[in-house]
Amino acid sequence: MLSYIIRRLAIAVPTLILVSIFVFTLQKLLPGDPALIMAGEDRDPAAIEFVREKYHLSEPIPVQYFYWVKGVLQGDLGVSLRTSQPVLGLIAHKLPVTIQLAIMALVIAFVIGVPAGILSAVKKGTVIDYAANIVALSGLSVPNFWLGIMLILLVSVNLGWLPASGYESPFVDPLRSLETMIMPAFVLGTSLAATLMRHTRSAMLGVMKADYVRTARAKGVRELAVILKHAFRNALLPVVTLSALLFGELLGGAVLTEQIFTIPGFGKLIVDAVFTRDYAVVQGVILCAAAGVILVNLVADVLYFLVNPRMRATL
Amino acid sequence: MSAITEAALPVAGAQRSGSRAWKKLKANRSALVGFVMVAFFVAVALLAPVLPIDDPAATSWSAVRKAPSLAHLMGTDEIGRDVFSRMIWGARASLIAGVISVVMAVALGVPFGLIAGYFGGWIDQVISRVTDAMLAMPFLILAIALAAFLGPSLTNAMIAIGLSAMPIFIRLTRGQVLSVKTEDYVEGARAVGLTDFAIILRYILPNVFAPVLVQATLTIATAIILEAALSFLGLGQQPPAPSWGSMLNVAKNFLTQAPWMAWWPGAAIFLVVLGFNLLGDGLRDALDPRET
């Protein structure tokens, strides 16, 4: 058990180091003097000097990297050149909004995707299966930023049911928060629901052929109980693990969704930073996103290991 | 001598399974629909210069934000350009970006995957860890960051998409190589003294081809969405050149006055992506030897 976790960590750590090297190298892609560019368009000599000092730009590149990583490990992701706020603080401030959006999207994706997947597997080869597959494929193919715009057009502009933008914290006004987030969460959840439906379907098709399902049927267990208790329980595990792998996709999708619905989250932060050439913020956001993905995958792997009796037996 | 007869076997087998795959693909209705959809958009993109349509860049102040009509089938945009001709020219940006970025990802990813899988050891460790690191960065966020640091343009968007898609092909190829490298015919080829390069080229690569083709088709779908997303954010195709993503970006500011500006580009992205997804799924079913 412990050895598995250690082995898994031993892979995660070099991955994280490589990500940090990559994120650091990004600023070397900037043409010309990075201090000039990163200090912004005003060419304020004080700002240029600050950047040069901050990133140790007169030192050799490996030394610069060392200083940068040292700062990152101490929680110093640099300072936003626009607002002079520490990047870590900015991210910590925006992250809860994106997490709320992501959780709501996941819930919607599960509520739609999993039952659809079960139904489609149980009714394999019928019109229901065919229709569910077409809907899922459409969900995977529709660009979510367009879906968002179309929903705004229909629900907000034409029907006037929900606000097209804005954000309210659920701790201040839960109802208003739900009102502003339900549409974005649906938009973000669509492609996830489609992916979950396809995974659930294939996992269910796999277990429906298993001996214990045949045994249960032979014993005279009611079909619904066979499907839900015997088959679905066993199909659920790979589906849940797979959804951990979708975490990165969720973060990426959130960038666009937040942009369309003007939600002040993590994704809006990176897009705004790109346009204000606030490179320290861009770097900070990718680093945090990648660290989040690595962490979620690590936890998912360990959990999978813990709950899967067959893997425990190999100890 | 025996090596030659042995060598002939898998190749002949591959040809047989190739024609069987083609038959299966033709019989697969959704793959056929996908193929027709993709072919339609490719034809439109190729024929854009000769089609009898308005100049996509010609502005007209007397025809600003006009609803669809016979004169302008899809209406006009905020500076009076014909949306229909911009849609047709926009197909070029989408398809070119989708195909070129995936070609780039395959051209870089497959060799790295072959090397990692075939040679193993420390070189595999290095390539695999770099792949893990790249996969840890969300596709879109990585592409946004690359496009931001490289500067916004369609070329840079393609480079960003290609680089972010590359690890998928490294991992896929590596896995495929690992599964065939212990096959008897590979061992045999090694025993008769074929060089590593010859073995990879003649015995490993053909086995990698089918899954890479399937994945490439599906990745083109993702790449087209990604290009549209980057252009939507202003990081891809730069105005005034037409692209579906940047058309949507402008359209979202005129939702109440000119909703048609938002209908068409999104619908086109949806249809072309659906086409590639259907085709990719169909190819997978046709090329998967496990399915009968």
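Reader: What share of the contacts in chain B with a separation of 6 or more comes from residues 24 or more positions apart?

Author: Residues 24 or more positions apart account for 71% of those contacts in chain B. Two residues are in contact if their C-beta atoms, placed from the backbone, lie within 7 Å. In chain A, 70% of the contacts between residues at least 6 apart in sequence join residues at least 24 apart. This is a predicted model, in which local features need pLDDT of at least 70 and side-chain atom pairs count only at pLDDT 80 or more, while totals for chains, interfaces and linings use all residues. Residues are numbered from 1 along each chain as its sequence is written, and chains are lettered from A and ligands numbered from 1 in the order in which they are written.

Reader: What makes helix α9 of chain B largely enclosed?

Author: A residue is buried if 20 or more other C-beta atoms lie within 10 Å of its own, exposed if 12 or fewer, and partly exposed in between, with C-beta atoms placed from the backbone. Seven of the eight residues of α9(B), residues 244-251, are buried, so the helix is largely enclosed by the rest of the structure. Among them are B:Trp244, B:Met247 and B:Leu248. The buried residues of α9(B) pack against α3 (83-119), α8 and α10 of chain B, together with α7 (144-158) of chain A. Over the whole chain, 49% of the 292 residues of chain B count as buried; for chain A the figure is 40% of 315 residues.

Reader: Why is A:Thr262 called partly exposed?

Author: A:Thr262 has 13 other C-beta atoms within 10 Å, so it is partly exposed. A:Thr262 lies in the loop between α11 (247-260) and α12 (266-275) of chain A. Its phi is positive, about 40 degrees, although it is not a glycine.

Reader: Why is α5(B) called oblique to α6(B)?

Author: Helix α5 (residues 139-150) and helix α6 (residues 154-180), both of chain B, pack at an angle of about 140 degrees, with their axes 9 Å apart. Axes are lines fitted to C-alpha atoms, for helices over the stretch in contact, and angles run from 0 to 180 degrees between N-to-C directions. Angles under 35 degrees count as roughly parallel, over 145 as roughly antiparallel, 65 to 115 as roughly perpendicular and the rest as oblique. That angle therefore makes α5(B) oblique to α6(B). The residues of this contact divide into eleven nonpolar (Ala, Val, Leu, Ile, Met, Phe, Trp, Tyr, Cys and Pro), no charged (Asp, Glu, Lys and Arg) and two polar (the others, Gly among them). On the α5(B) side, the residues include B:Phe139 and B:Leu142; on the α6(B) side, they include B:Asn156 and B:Ser164.

Reader: How many residues does each chain bring to the contact between the chains?

Author: Chain B brings 36 residues and chain A 37. On the side of chain B that touches chain A, α5(B) gives the most, with nine residues. That side divides into 30 nonpolar, three polar and three charged residues.

Notes:
Helices (H or I, at least four residues) and strands (E, at least two) are DSSP runs, numbered from the N terminus.
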